[in-house]
Amino acid sequence: MEQVRSFLHRRRLLIAWLAVVAVCILAILWVRYDLAERTDNQPVYQIVNDDYSRTVAIPASGGLKQKIPVRQNQRLYGVRVNMTTYDHAFATGTLHADLLAADGSVLAQGSMDCLSIRDNTFETIIFSEPYLPFADGNLTLHLWYEGMSGVDLDLPLGLWASDVQVDDMALTDATEDLNATAALQYVVDYSGNWSARMLLVPGMLILAAVAISFWLLLGKNPRPALAVLAAGGLLGCAFALVTPPLVAPDEYTHLSVAYQFAGQLLGQPTIAGDGSVLVRACDAPYFLNQTGDIGIFAYKTMGEAFFQPGGGIPDTPTGIFTDMTGRISWLYLGQTAGIALARLLGLGFFAMLLLGRLGNLLVYLLLAALAVRLAHPGHKWLFAAAALLPMSLQLAGSLSADAMVLGVVFSYTALCFALRQRAGAPWQILLLLILAACVGPAKAIYLPVVLLCLLIPAAHLDWRPVVRVAPLKIGPVRIAASNLVKLLAVLLAGGCWVQANLGALLYATRDVDSVGLTRGAVALATAVVVLGVVYYKARQHTLTRRIFYGVVIAGVVIGVPVVFYNLTHMWGGLTPEDLVNSIQPNGDSIYTFSAGYLCRNLGAAVKLLLRSVPEQGALWLEGVLGTVLGEPIVYRVEVSWLLTIGLLAALAAAALPAESDPRSNLQLSGRSRLGISLVALCVVGLTFFTALNWTPINYTTIFGVQGRYWLPVLPLVLLLLHGNRRCFTRRPAGRGAVYAVLCITSFVLLQGYSLYATWQVTA
């Protein structure tokens, strides 16, 4: 017994690995079985003749022949005929359906056991191979049966037909024209076993991710950055395959933008004479709808057409007008490279889409691994957990530019907090400035994240190896090296932000008193400069300093009500006639909650937000984590809430410091916690302000807020949790927590595939 216990203790990791792999295999097999029950062998039919009022017996010798019309390129998977057994349940025999050409040759064949035929019911007979007509014409459907025995031998088997012949569809037996037409439907699509075929590659990727990352995370030498690259790459590829085409968040718009950037890279035309996007002829059908289809037949279409060739120079106008103003090319680096490569190789639409997704995934993984690599040892696990969340990998495995934004913000945040703990090398300070310049224009709402550099101690931003105290002299100005770095970071981010978002800012503030606001901004800036000079002179004397603080407080107490009154009474506004005349045919108002309207109607905005929180709050949380898949405005594909709870618990475990590991307990001061909280709240506030600019004023809840917009600042929340002074884990839980996130992400993938595949499918 002691030997067995010793063996189990020595091999506990191997046993745990085998158990985890076994559970993963069972989960994949269950999804396979469940989908086979619900989606396999589902027909899509087209009614040919729905006029039937009598039955016609099928002769035991020769059967029945039905003339049927076919159209060019309309694939025929089988037929459905309304059968009758004359109140008898057959136990033997096989019903056959042969599709015959004009010369009598067999084009397609199908059969079914008579045992499964129900009385007065349309029964489906699937051909062994679908038939694709190359031209319009007429064919013959030959229905016959064989193998009857016992009681079934002398009993009739028949089908329902019309009283008279319909059009040219004559129904005949071996001797005469019956002057009738069978009740008939074409099977124009058939799901077959596509659920298993589409699950094969994602299932293998998920299994590999779970198996490989076990040793990278829970082995003797954990390697979180490599785990993010390996496991994130495998699960990201699975997301790229599982997410149906053009179903990922805003993917249609991102495809249009990346497609044009790829055209510019290849030196090919991108815009038609009417200003619409030019695409290859093979891509044009997929640019018709701004949201892709979901369901097992969407997967089947993708699978059948994946290896079809594409190629050609874009020459087909789409009628799609994509505004490229303000589009930042480097945000589409991976997508552009993948799409350009696919077009260069002459691949079809679905292969091009997949390569674009994989290019985006590669760029994200490099940035996410960089964030984990840059992070302080006590913070690596929480960044790894955030990088492997379902939403992170779903965005990365799509064409969304948010994946690049996510990687950049993660890296910048990790570097800022790493430099809080140690002095930065010159390359790290340079990288900080580069990342700050990238965060600024990446997305307007993330500009406050740049202010995290202000939390870095001054001594850690001096790149000089010997002297880290003496200020730099730039002409007549003396400035500390750390202040110079912080100033450059803020100026670079702010300048790039203005360049990328000035147009959107002007539109958002289109109905405000811009002259009055400009005067107020100049007055405020002047007051700040004057107060700064006065404080510099008065800071040495206690009495003078107290008087200064009193004057500032009095100015704030008097100024805030004055500013509030002026903002809420700015010129403009809407009359009752304007409000009535603004309603469009779809019921929306043409007016939205612009900056001016918000200032004049703060009460309406507050009520809108208060109604939105209980109605949409759960969806926002799911959006941060990724337990709602696709574009939630179009398809609400929500996985189990148990997975949401599991992800929350795993994130908390990854963030909490360990009481037994002093290195992981990086406590934050009250001032630092306040600064981090304000940055996160500013991002959330800017998200709501942006969404309000899309929300018509007659809406009762805010429109367009999605939880994924807050994912880049999720590490800030986790860092606040990590830097607390009260909550700890007894032992380090980061490795296990990250592995738990990875496993739950795998379950989200499997359930998400199941939900996608069974969308609107009736078993």
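Author: Start with burial. Buried means under 20% relative accessible area, exposed means over 50%, and partly exposed lies in between (1.4 Å probe, protein chains only). This is a predicted model, where local features need pLDDT of at least 70, side-chain atom pairs count only at pLDDT 80 or more, and totals for chains, interfaces and linings use all residues. Residues are numbered from 1 along each chain as its sequence is written, and side-chain values use heavy atoms, with hydrogens and water left out.

Reader: Why is Tyr635 called buried?

Author: Its relative accessibility is 14%. The limit for buried is under 20%, so Tyr635 counts as buried.

Reader: What makes Tyr259 and Phe287 an edge-to-face pair?

Author: Rings of Phe, Tyr and Trp (its six-membered ring) pair if their centres lie within 6.5 Å; planes under 30 degrees apart are stacked, over 60 edge-to-face, and the rest tilted. Here the centres are 5.5 Å apart and the planes stand at 75°. The structure holds 20 aromatic pairs.

Reader: Why is the pair of Tyr259 and Phe287 said to tie parts together?

Author: Tyr259 lies in helix 5 (residues 251-266), and Phe287 is in the loop between strand 12 (278-279) and helix 6 (296-305), so the pair joins parts 28 residues apart in sequence. Helices (H or I, at least four residues) and strands (E, at least two) are DSSP runs, numbered from the N terminus. Tyr259 is buried at 1% relative accessibility, and Phe287 is buried at 2%.

Reader: What makes Tyr635 and Trp759 an aromatic pair?

Author: Their centres are 5.6 Å apart, and the planes make 80°, which is edge-to-face. The two residues are 124 apart in the chain. Trp759 has a relative accessible area of 27%, so the word here is partly exposed.

Reader: How do you know that Arg32 and Asp40 form a salt bridge?

Author: A salt bridge is a side-chain nitrogen of Lys or Arg within 4 Å of a carboxyl oxygen of Asp or Glu. For Arg32 and Asp40 the N to O distance is 3.7 Å, so the pair qualifies. Arg32 is partly exposed at 27% relative accessibility, whereas Asp40 is buried at 10%. Side chains of opposite charge can pair when their charged atoms come close.

Reader: Why is helix 11 called largely enclosed?

Author: Of its 18 residues, 18 are buried, so the rest of the structure largely encloses helix 11.

Reader: What makes Arg197 a charge over the ring of Trp194?

Author: A charge sits over a ring if NZ of Lys or CZ of Arg is within 6 Å of the ring centre and within 35 degrees of the ring normal. The charged end of Arg197 sits over the ring of Trp194, 3.9 Å from its centre.
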